[in-house]
Amino acid sequence: MQAGEPVSLRASIGTLVVLGLRDIRMAASPTTAYLMVGGQCSGDCAYCGQGRGAIGDHSRLSRISWPEVGEEELVDALVTHPGAFQRVCFQTTASRGVLEQLLALVPRIRQASEVPISVSYRVTMFEEADQLFAAGVQRISIAIDCCSERLYPQLRGGSLADSISLVKGLARQYPGRISTHLIIGLGEDEMEAAELMLELHRAGVLVSLFAFTPVRGTHMEHGAPPALVSYRKLQLLLGLLDWQEEERFGVAYDARKSIHSLGLNEVQVWSFLHRHFVFVTHGCPGCNRPFYNETPGGTMFNYPNVQLETVDLEIDRFIEDVKADGFDFAAAGT
């Protein structure tokens with residue numbers, strides 16, 4: 001970044017509302033301050049409104065609007081709203097000078113707020129990770145997005161195997177500090193998604209799940225979100241990885257390469273979901289991403305918080321849906 005070059009800084013609209021910089025009604029407030037740095041992205045992911053091939057409004061990421069905000073205005077608002085957030089999360093585009101922007105911004109945000117900082121940035125060298133951690137970043141996320149080796153080159157570009165190798169290598173170098181994002185619904189089958197989740201979890205990588213959201217102006221604007229029952233099965237698997245030893249359950253697939261069993265009976269699944277309502281947002285601690293993939297009043301892939309009135313309803317619906325989908329609860333040893 002050249003001396004004097006202005007920092008490109010945006011914040012999610014929900015973040016600005018919590019900080020008193022916008023005044024709109026929200027169905028749920030973010031518990032993380034979501035910020036974005038970087039200009040027009042040099043990448044061309046088929047599903048992303050920030051991609052260089054996307055047409056139209058580049059102020060959005062998924063469903064969320066990200067207005068520009070002044071650095072001083074943002075820092076002052078964080079100082080005057082202590083306790084407003086549990087975490088700060090930087091999103092980045094693949095554009096010139098982003099690392100330098102982050103290295104300048106992170107220490108200022110650390111001074112303004114004592115909460116941990118996550119950065120979603122495609123690290124290419126371990127030295128970049130060293131610089132970010134030294135600046136005050138707690139976690140770095142390297143987005144994999146697409147779970148399918150078949151689809152990765154055309155939807156994201158490059159090689160899925162190379163991306164997995166990079167993320168796992170970083171997790172070995174920086175244990176407990178590396179995350180990734182997976183988008184469900186890009187055309188992968190459940191087996192591809194589940195096996196990748198298992199591989200990454202075993203490597204010590206924190207996996208965040210997103211549901212594909214069609215964005216106007218992208219190559220995939222006419223696509224469809226994933227089937228809710230499929231997304232719920234993957235959320236359940238991720239929750240089991242979080243809360244149970246892997247030896248206590250097992251994943252089996254049917255001829256469609258769908259998850260057919262998790263080695264648990266119906267009572268065990270029901271009981272687990274009541275103890276751990278895993279249909280909420282899964283990401284870094286303190287991240288709830290309200291309505292990132294959802295429209296208020298529409299299908300809720302990721303609840304931003306645990307709503308007691310919805311827990312029984314969602315669990316019962318899930319049990320009914322997986323039974324209709326051919327899920328085998330009897331495969332568990334009972």
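Helix α8 spans residues 228-243 and helix α9 residues 266-275, and the two pack at an angle of about 75 degrees with their axes 11 Å apart. Here the axes are lines fitted to C-alpha atoms, for helices over the stretch in contact, and angles run from 0 to 180 degrees between N-to-C directions. Helices (H or I, at least four residues) and strands (E, at least two) are DSSP runs, numbered from the N terminus. On the α8 side, Leu236, Gly239, Leu240 and Trp243 make the contact, and on the α9 side Val269, Phe272 and Leu273 do; contact means heavy atoms within 4.5 Å. Sorted by class, that makes 6 nonpolar residues, 1 polar and no charged ones (Ala, Val, Leu, Ile, Met, Phe, Trp, Tyr, Cys and Pro count as nonpolar, Asp, Glu, Lys and Arg as charged, and the others, Gly among them, as polar).

All of this comes from a predicted model, in which local features need pLDDT of at least 70 and side-chain atom pairs count only at pLDDT 80 or more, while totals for chains, interfaces and linings use all residues. Residues are numbered from 1 along each chain as its sequence is written, and side-chain values use heavy atoms, with hydrogens and water left out. The average pLDDT (the predictor's confidence in each residue, from 0 to 100) is 90, and 92% of the residues score at least 70. Over residues 1-5, though, pLDDT is below 50, and this stretch has 5 contacts in the model beyond near neighbours in sequence.

Serine 118 sits in strand β6 (residues 117-120). At 3% relative accessibility, serine 118 counts as buried (under 20% relative accessible area, with exposed over 50% and partly exposed in between; 1.4 Å probe, protein chains only). Its side chain joins that of arginine 87 through a polar contact of 2.8 Å, meaning a pair of N or O atoms within 3.5 Å; within protein, one must be able to donate a hydrogen and the other to accept it, and residues adjacent in sequence count only if both atoms are side-chain atoms. Setting aside neighbours within four places in sequence, serine 118 touches Arg87, Val88, Cys89, Phe90, Arg139 and Cys284.

Lysine 257 lies in the loop between β10 (252-253) and β11 (259-261) and, at 43% relative accessibility, is partly exposed. Arginine 289 belongs to the loop between α9 and α10 (308-324) and is buried, at 7%.
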